[in-house]
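Welcome! Here is a short briefing to read alongside the structure. Take a moment to turn the model around before you start on the points below.

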Amino acid sequence: AVCSMGNSTSRLYSVLAKTLSSGAVSQHQDCLEQLDPAQLDPIDPKDLLEECQIVLQKRPPRFQRNFVNLKKNTASNHRPIRVMQWNILAQALGEGKDNFVQCPMEALKWEERKCLILEEILAYKPDILCLQEVDHYFDTFEPLLSRLGYQCTFFPKPWSPCLDVEHNNGPDGCAMFFRRERFQLVSSANIRLTAMKLKTNQVAIAQTLECRETGRLFCIAVTHLKARTGWERFRSAQGCDLLQNLKDITQGAKIPLIVCGDFNAEPTEEVYREFSNSSLNLNSAYKLLSPDGQSEPPYTTWKIRPSGECRHTLDYIWYSQHALNVTSALGLLTEEQIGPNRLPSFNYPSDHLSLVCDFSFNQDPDRLL
């Protein structure tokens, strides 16, 4: 049954408005099983979008971003696979630690900000959604996205900085969601990244999926590497560990791979070069938006902190260029759209931009390198 919209408070709104207490969330931290899809009451995405827009009616409208067609002459015999990468900004960090000096606290209210996040997801309708800094998984994203037809996985950081914030909602972590109607889960790995043989606070999720339409296998991974200047070698070590894990999972690139993440690293960093030069033959999808196809976007995050303005390219969607084609990519927000106070804002819920790409399989499944 689809939740119908009422004239006042609908059944769906009660789900949207629901917020578990920190205590309730913590009871579920060690219980990361999937919800049973058969027991879920489906949600019509149009109804959820309408509910979000009601909550957001006093805010400015969504920014309009256009997809850039990157399709080559090679025709595809299947629907493209849309992948969305986004650091959504942990609520506890946004309110308690990140010090966005030009962003009013009113703009960060969770009851409205979560609707901005959901509105962005619903607008682009990803087949696979990869998120970082998720600290409202159990009370918002899992219950809602499960009912929208996604299979959901969450892996929290072992020592999340969110836990240092008063009235937090539990640890933040990486989350992955894929449409059950399009993909079958073959295998799943929660990876705690190591650096210099030591376990770190950063994590990744890697899942091998079978495309129901084509029968093709591919691996999708999400990660969030260590932040801040001075940790470049640490990020490099984490990247090497992740690449080694992915080589094992993909049997040395026999299975096509997509890696989404906030790498906290500019293209000049060593970890970026490691991914570029890996034996997995990866390319960064957003380079294809540049005139020469060789340059990353000028920014994927733009914010103002007490230390000054931060404008960096840190977020990437890597893919197996021998096995996958990028058919289109979502253009970034312009400086004019972002505005002088930068991100987050009443218009946009995160300090990072979402990245969205459409992929198709190479028509020669046996062609590798």
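A nonpolar core is a set of buried Ala, Val, Leu, Ile, Met, Phe, Trp, Tyr and Cys residues joined through side-chain atoms within 4.5 Å, where buried means under 20% relative accessible area. Keep that in mind as you look at this model, which is predicted. In soluble globular proteins, nonpolar side chains tend to be buried together.

**The overall picture**

- The protein is built with 9 helices and 15 strands.
- Of its 369 residues, 57% count as buried.
- Among contacts with a separation of 6 or more, 79% are between residues 24 or more positions apart.

**The nonpolar cores**

- The largest nonpolar core has 70 residues, and the members that touch the most others are Ile128, Phe141, Phe177, Ile220, Ile258 and Phe359.
- Helix 5, covering residues 110-124, gives this core its largest share, with 8 residues.
- Which residues does Phe359 touch, leaving aside those up to four places away in sequence? Its partners include His78, Pro80, Ile81 and Val83, along with Ile258, Ala285 and Ile317. Tyr319, Leu324, Asn325, Val326 and Thr327 are also among them.

**The largest pocket**

- The largest pocket holds about 830 Å³ of space.
- Its lining has 32 residues, and those nearest the centre are Lys226, Ala227, Arg228, Asn264 and Arg305.
- Which elements each supply at least two residues of this lining? They are strand 7 (198-211), helix 7 (232-249), strand 11 (301-305) and strand 12 (308-312).
- Strand 11 provides the largest share of the lining, 3 residues.
- Sorted by class, the pocket lining has 14 charged, 11 polar and 7 nonpolar residues.

**The cavities**

- How many cavities of 30 Å³ or more does the structure hold? There are 2 of them.
- The largest cavity contains about 60 Å³ of space.
- Lining this cavity are Arg62, Phe63, Arg65, Leu116, Glu119, Glu120 and Tyr124, together with Asn347, Tyr348 and Pro349.
- By class, the cavity lining splits into 5 nonpolar, 4 charged and 1 polar residue.

How values were computed: Residues are numbered from 1 along each chain as its sequence is written. This is a predicted model: local features need pLDDT of at least 70, side-chain atom pairs count only at pLDDT 80 or more; totals for chains, interfaces and linings use all residues. Side-chain values use heavy atoms; hydrogens and water are left out. Helices (H or I, at least four residues) and strands (E, at least two) are DSSP runs, numbered from the N terminus. Buried means under 20% relative accessible area, exposed over 50%, partly exposed in between (1.4 Å probe, protein chains only). Contact means heavy atoms within 4.5 Å. On a 1 Å grid over the protein atoms alone, a cavity is a set of points where a 1.4 Å probe fits but cannot get out, and a pocket is an open set with protein on both sides within 12 Å along at least five of seven lines; lining residues have an atom within 4 Å of a point. Grid points are joined across faces, edges and corners, and a volume is the space filled by probe spheres set on the points. Ala, Val, Leu, Ile, Met, Phe, Trp, Tyr, Cys and Pro count as nonpolar, Asp, Glu, Lys and Arg as charged, and the others, Gly among them, as polar.
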